[in-house]
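Hi everyone, thanks for making time for this one. Have a look at the structure on the screen, and then I'll walk you through a few spots in it.

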Amino acid sequence: MTVQAFDYIVVGGGSSGCLVAGRLSDDPSVSVLLLEHGDSAEEHPETLSASGYKEAFANDRLVWERFSETSARWGNRRLFMGSGHGLGGGSSINAM
């Protein structure tokens with residue numbers, strides 16, 4: 001196994017993680033590792049166009065199924081609060 005060292009490790013390739021990794025990598029003297037769980041965008045071309053969000057949002061491989069706690073404000077229901085995973089995070093499934 002090869003061990004590699006990095007100056008920075010950014011965990012999460014959502015919009016902000018990609019932004020941070022991009023800014024850090026502007027300095028050619030540092031090395032940056034961006035870690036993201038999930039498939040690459042090329043494996044899901046619907047994430048690469050604004051019009052593909054309908055298919056992306058319905059793709060179980062791109063959306064973590066998360067729900068809120070029950071709340072009296074919502075009639076004692078739990079609300080769906082899915083979030084995207086893969087490069088781009090929620091932005092990749094929200095037409096961004």
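Let me start with a word we'll need: a cavity is a set of grid points where a 1.4 Å probe fits but cannot get out. The idea behind it is that rolling a probe the size of a water molecule over the atoms shows where empty space is left. And please keep in mind that what you see here is a predicted model.

So, how many cavities of 30 Å³ or more does the structure hold? There's one. The largest cavity comes out at a volume of about 40 Å³. If you want to find it on the screen, look for its lining: Asp39, Ser40, Ala41, His44, Thr47, Leu62, His85, Gly86, Leu87 and Ser92.

Okay, on to the strands. Strand β1, residues 8–11, pairs with strand β2, residues 32–35. They run in the parallel sense, with four bridges between them. To pick out one spot, Ile9 sits opposite Leu33 in β2. How does the chain get from β1 to β2? It goes by way of helix α1, residues 15–25, and this β-α-β crossover is right-handed.

Next, aromatic rings. Searching the whole structure turns up one aromatic pair. The partners are Phe67 and Phe80, with 5.5 Å from centre to centre and 70 degrees between the planes. Why is that called edge-to-face? Because planes over 60 degrees apart count that way. Both Phe67 and Phe80 are in the loop between β3 and β4, 13 residues apart. Are these two buried, exposed or partly exposed? Phe67 has a relative accessible area of 39%, so it counts as partly exposed. Phe80 is partly exposed too, at 39% relative accessibility.

While we're in that loop between β3 and β4, Asn76 is there as well. It isn't a glycine, and yet it has a positive phi of about 60 degrees. Asn76 is exposed, because its relative accessible area is 57%.

Last stop: Gly88, in the segment after β4. Is Gly88 buried or exposed? It's buried, since its relative accessible area is 18% and the cut-off for buried is under 20%. How far is Gly88 from Arg23? In sequence they are 65 residues apart, and in space 16 Å, C-alpha to C-alpha.

Methods
Residues are numbered from 1 along each chain as its sequence is written. This is a predicted model: local features need pLDDT of at least 70, side-chain atom pairs count only at pLDDT 80 or more; totals for chains, interfaces and linings use all residues. Side-chain values use heavy atoms; hydrogens and water are left out. Rings of Phe, Tyr and Trp (its six-membered ring) pair if their centres lie within 6.5 Å; planes under 30 degrees apart count as stacked, over 60 as edge-to-face and the rest as tilted. Helices (H or I, at least four residues) and strands (E, at least two) are DSSP runs, numbered from the N terminus. Buried means under 20% relative accessible area, exposed over 50%, partly exposed in between (1.4 Å probe, protein chains only). Two strands pair if DSSP finds at least two bridges between them. A crossover is right-handed if, with the strands pointing away from the viewer, the path from the first strand over the helix to the second runs clockwise. On a 1 Å grid over the protein atoms alone, a cavity is a set of points where a 1.4 Å probe fits but cannot get out, and a pocket is an open set with protein on both sides within 12 Å along at least five of seven lines; lining residues have an atom within 4 Å of a point. Grid points are joined across faces, edges and corners, and a volume is the space filled by probe spheres set on the points.
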